Amino acid sequence: MSEKCLLDQWRDMAYDRNLSKEQLESFWGKYFTIESSIYEQLLEDPDTEVRGTVKELAEKYGQNVMTMVGFLDGINDSLVTPNPIETMDEDTEVSLGFDKEKLYKNMVDARADWLYELPQWEKIFDENTRKRLYREQKSSGTIRKEKKIGRNDPCPCGSGKKYKKCCGRNA
């Protein structure tokens with residue numbers, strides 16, 4: 001029988017249904033503080049790709065391996081080259097080379113205001129760019145339905161007839 005991969009272990013711990021609401025809030029509160037700290041360091045030098053094993057990165061950022069796995073799970077969609085998070089172990093070589101715009105948009109999408117409002121973003125993007133990225137991300141999830149043509153509306157083909165007497169006749 002094989003042992004669970006690190007990602008599954010992290011998810012079991014982070015989403016443990018046996019914990020009370022207060023315990024989960026405490027767990028996530030601590031995690032979000034750690035996550036902010038790691039992002040602050042990464043965003044200080046956003047053009048330098050941080051590499052190492054999962055264990056080395058955990059040590060570099062002063063965290064345990066499980067917390068680092070959680071961080072890697074969260075940032076993976078924003079990386080230039082995604083890490084093999086489903087199969088990684090402590091000795092898997094990983095990269096934190098992220099796409100700045102994608103990372104910012106993913107933080108907005110996750111409603112992680114404690115991350116997309118970090119002061120380090122001000123050195124990376126000016127205020128107008130941050131607002132543009134924010135709007136782009138917020139509107140990307142909005143589904144807009146075209147106005148439905150009513151039976152008695154003018155036909156969109158431009159014939160001047162009512163829709164029901166023109167293109168809508170066979171609909």
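User: Why is R111 called exposed?

Analyst: R111 has a relative accessible area of 65%, and exposed means over 50%, buried under 20% and partly exposed in between (1.4 Å probe, protein chains only); R111 is therefore exposed. This is a predicted model, in which local features need pLDDT of at least 70 and side-chain atom pairs pLDDT 80 or more, while totals for chains, interfaces and linings use all residues. Residues are numbered from 1 along each chain as its sequence is written, and side-chain values use heavy atoms, without hydrogens and water.

User: How do you know whether M88 is buried or exposed?

Analyst: The relative accessible area of M88 is 2%, so M88 is buried. M88 is placed in the loop between α4 and β2 (93–95). Apart from neighbours within four places in sequence, M88 is in contact (heavy atoms within 4.5 Å) with L6, V54, V69, L72 and V94. M88 and V54 are 34 residues apart along the chain, and their C-alpha atoms are separated by 8.2 Å.

User: What makes α2 and α4 roughly perpendicular to each other?

Analyst: The axes of α2 (residues 21–44) and α4 (residues 65–75) cross at roughly 65° and come within 11 Å. Roughly perpendicular covers 65 to 115 degrees, with roughly parallel under 35, roughly antiparallel over 145 and the rest oblique; α2 and α4 are therefore roughly perpendicular.

User: Which residues make the contact?

Analyst: From α2 come Y31, I34, E35, I38, Y39 and L42, and from α4 come T67, G70, F71 and I75. By class, this contact has seven nonpolar, two polar and one charged residues.

User: Which residues touch the most other members of the largest nonpolar core?

Analyst: They are Y39, L42, F71, L96 and W121, in a core of 41 residues. A nonpolar core joins buried Ala, Val, Leu, Ile, Met, Phe, Trp, Tyr and Cys residues through side-chain atoms within 4.5 Å. Among the elements, α4 gives the most to this core, with seven residues. Beyond neighbours within four places in sequence, the contacts of L96 include L42, F71, L72 and I75.

Notes: Axes are lines fitted to C-alpha atoms, for helices over the stretch in contact, and angles run from 0 to 180 degrees between N-to-C directions. Helices (H or I, at least four residues) and strands (E, at least two) are DSSP runs, numbered from the N terminus. Ala, Val, Leu, Ile, Met, Phe, Trp, Tyr, Cys and Pro count as nonpolar, Asp, Glu, Lys and Arg as charged, and the others, Gly among them, as polar.
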